[in-house]
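Subject: Structure for you to look over

Hello,

Please find the structure below, with my notes after it. I would be glad if you read the two side by side.

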Amino acid sequence: MEAIRATGLCKRYGTKNVVDNLDIVVPKGAIYGFIGRNGSGKSTTQKMVCGLIQPSAGEIQLFGKPVLDTQVRSKIGTLIEQPGVYPNMSAYENLVLQGLSIGVHHPRKKAVESLELVGLGKSARKKAKNLSLGMKQRLGIAIAMLGQPELLVLDEPINGLDPEGIMDLRQVIARLNQELGITIFISSHILGELSKIATHYGIIKEGKLIQQISSQELADNRRDFLYVKVPNNREAAALIMEQLHPEECTISPNDEIHIFGLKDTAAVNKLLSINGFSVQEIFLHQQDLEEYFLNLMGGDCSA
Ligand SMILES: Nc1ncnc2c1ncn2[C@@H]1O[C@H](COP(=O)(O)OP(=O)(O)OP(=O)(O)O)[C@@H](O)[C@H]1O
């Protein structure tokens, strides 16, 4: 059963379809990276998934139930926009207060547990206003965790964080997913960081889903090749085709050989060497995720 299934989802503001006929499937247990430029409709989609705004059309099911089902709503934790924290209260006090306001059993115990979960155990007594942005985001996740959700919806939690903050947050997300089995629906326009943890991706452009793909399918789609720099490249390429039967060998504009469908660097190196070619450079070129998405989105998506 999927954690989220959105079908034909639309949101119209005035005459504009901000979200346009979206079909999204987030499998249970996934870390689903929802990727698109600013203004592409990510927040609007996430707000509909959380039941914060009404779709203009379409249907959303969470764990097989309609999004407005009260039982299912208790399974969602959200971090959308800034977490509502009191700056002069400590991280711990904020959590206790939030816990009390949503009627959590044993709010003090839960507050301590939630702080530990997000790696803020040692900063429990710090005033919220003195926490770094990354710590504030983790406090926001701790608040979202108070209700023991099965699904966390995180809207651009990485935005504005420094590299250390990003790494800490990434570890927290991975831990919640792996240790507690929580499904994560996380939006971002920063691709690299997400690629280290995401198991699935949905790519949205101008309100339309342009691709939905698992990280496994993505790895298969990305076209890696062996890069070989060698004099007499045409003869070398012909020899490689004849002896090692890769899918394809091309000569790049810079005169390097690109071999597709073969990853055995040693075999190529050996073949060329024993036939008198002096290999200057040889390595496996892997198309990185950024390149892949930029191709799909047609330009710089961090703009
Ligand atoms: N309440 C609203 N009324 C009118 N237009 C809106 C409203 N909310 C969002 N929009 C518009 O919908 C489009 C998508 O916005 P949305 O916030 O969903 O995008 P996003 O991908 O999350 O981008 P960002 O990262 O900048 O928030 C934008 O053009 C935005 O101006």
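Predicted model: local features only at pLDDT ≥ 70, side-chain atom pairs only at ≥ 80, totals over all residues.

I begin with one cysteine. C10 belongs to strand β1. Once neighbours within four places in sequence are set aside, the contacts of C10 are N17, V19, D20, N21, P55, S56, A57 and G58. C10 and Q54 are separated by 44 residues in sequence, and their C-alpha atoms are 9.5 Å apart.

Strand β1 (residues 2-13) runs antiparallel to strand β2 (residues 16-27), and eight bridges join the two. Within this pairing, E2 is opposite P27 of β2, and A6 has I24 of β2 as its bridge partner. The hairpin of β1 and β2 has two residues between the strands, and G14 there has a positive phi near 65°.

These strands are part of an open sheet of four, in the order β2-β1-β4-β5 and with antiparallel pairing. Its edges are β2 and β5 (65-66), each of which pairs on one side only. F63 is found in the loop between β4 (57-62) and β5. F63 has a positive phi, near 50°, although it is not a glycine. F63 is partly exposed, since its C-beta neighbours inside 10 Å number 18.

A second residue of this kind is H245, a non-glycine whose phi is positive and near 50°. H245 sits in the loop between α9 (233-244) and β12 (248-251). H245 is classed as exposed because it has 9 C-beta neighbours inside 10 Å, and the exposed class covers 12 or fewer.

The ligand

Which residues surround the ligand? They are Y13, V18, G36, N38, G39, S40, G41, K42, S43, T44 and E156. Helix α1 (residues 42-49) contributes the most to this shell, with three residues. Sorted by class, the shell consists of two nonpolar, seven polar and two charged residues.

Strand β8 (residues 183-188) is largely enclosed by the rest of the structure, because six of its six residues are buried. The burial applies to both faces: T183, F185 and S187 are buried on one side, and I184, I186 and S188 on the other. In a regular strand, side chains alternate between the two faces of the sheet.

β8 pairs in the parallel sense with β3, over five bridges. In that pairing, S188 of β8 is the bridge partner of I35. Strand β7 (residues 151-155) is also paired with β8 in the parallel sense, again over five bridges. There, D155 is opposite S187 of β8. Between β7 and β8 the chain passes through helix α6 (residues 163-180), and this β-α-β crossover is right-handed.

Helix α11

Helix α11 (residues 289-297) has L289, Y292, F293 and M297 as its buried residues. Viewed down the helix axis, the buried residues of α11 fall within an arc of 120°, so they line one face of the helix. An α-helix has 3.6 residues a turn, so residues three or four places apart point the same way. E291 and N295 are exposed on the other side of α11. What do the buried residues of α11 pack against? They pack against β3 (31-35), α7 (191-195), β9 (200-205) and α8 (215-221).

The chain as a whole

The protein chain contains eleven helices and 14 strands. Of its 303 residues, 39% count as buried. Along the principal axes, the C-alpha atoms fill a box of roughly 75 × 50 × 35 Å. For contacts between residues at least 6 apart in sequence, 69% join residues at least 24 apart.

Regards

Conventions:
Residues numbered from 1 in each chain as written. Near = placed C-beta within 6 Å. Nonpolar A, V, L, I, M, F, W, Y, C, P; charged D, E, K, R; others polar. Buried ≥ 20, exposed ≤ 12 C-beta atoms within 10 Å, placed from the backbone. Arc of directions from axis to C-beta. Contact = placed C-beta atoms within 7 Å. Pairing = 2+ DSSP bridges. Right-handed = clockwise from strand over helix to strand, strands pointing away.
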